[in-house]
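Which charged side chains pair with one another, and how does each pair sit relative to the protein surface? The explanation below takes up these two topics in turn.

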Amino acid sequence: MPPPYQDILDHILIDSERLQRRIAEIGNEISEDYRDAHSLVMIGILKGSTLFLADLMRQIRVPHMIDFLAISSYGSGARASSGVVRILMDLRAPIEGQHVLIVEDIIDSGYTLDYVLRLLSTQQPASLSICTLLDKADRREVEVPIKYVGFQIPNAFVFGYGLDIDEYYRNLPFIGVVKDGVNLTQEHE
Ligand code: PRP
């Protein structure tokens with residue numbers, strides 16, 4: 001069993017109120033920007049985006065659909081992106097002619113989103129944009145165009161609100177920074 005989060009939490013980086021306030025702002029922006037779009041589909045990249053997508057869509061006042069892509073960008077046990085990306089689960093429905101908004105929890109090296117953008121752009125969407133809750137810009141290795149950003153964050157090992165440590169702690173309502181020296185086996189150092 002994983003330890004209780006209090007044992008590994010150094011400090012809370014973004015608390016629940018701040019997260020929800022910013023998500024409401026982004027929801028407003030998206031509602032404005034897509035008010036004349038005939039068909040909006042928000043695509044969550046599993047699994048990290050689940051909480052963000054669920055909260056964001058409740059703040060969006062234009063009709064929209066959701067779909068999901070599961071992508072693997074980290075080899076088992078790797079602590080940083082390998083640049084090797086593959087699809088674990090494809091979209092349920094075609095996106096041709098749809099306005100597509102990709103929803104991510106975090107962009108780090110950029111490899112995942114670069115791959116997803118290239119993949120989806122071959123499917124003739126009416127438009128294709130990215131919304132990410134967190135942007136760790138210092139770590140970028142490949143540039144990706146981001147339309148909506150919740151928060152720029154420093155290069156710290158973060159977890160909670162969808163982001164996991166060994167698949168746990170995704171349920172926490174805040175973004176936390178892991179204590180130095182905690183023995184972790186994967187991602188987001
Ligand atoms: C995370 C995150 C992004 C990706 C970002 O997913 O959700 O998809 O890494 O990293 P990059 O910019 O370096 O490619 P992860 O592979 O940890 O899977 P998960 O969402 O299922 O936790």
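This is a predicted model: local features need pLDDT of at least 70, side-chain atom pairs count only at pLDDT 80 or more; totals for chains, interfaces and linings use all residues.

Residues are numbered from 1 along each chain as its sequence is written, and side-chain values use heavy atoms, with hydrogens and water left out.

The structure contains nine salt bridges, a salt bridge being a side-chain nitrogen of Lys or Arg within 4 Å of a carboxyl oxygen of Asp or Glu. Four residues, Lys47, Asp164, Glu167 and Arg170, are joined in a network of such bridges.

Among the other pairs, Asp135 bridges to Arg140, with the closest N and O atoms 2.5 Å apart. Asp135 is buried at a relative accessible area of 4%, and Arg140, at 15%, also counts as buried. Here buried means under 20% relative accessible area, exposed means over 50%, and partly exposed lies in between, for a 1.4 Å probe and protein chains only.

Asp55 is buried, with a relative accessible area of 15%, whereas Arg58 is exposed at 64%.

A further salt bridge links Glu32 to Arg35, where the closest N and O atoms are 2.7 Å apart. Glu32 is partly exposed, its relative accessible area being 43%.
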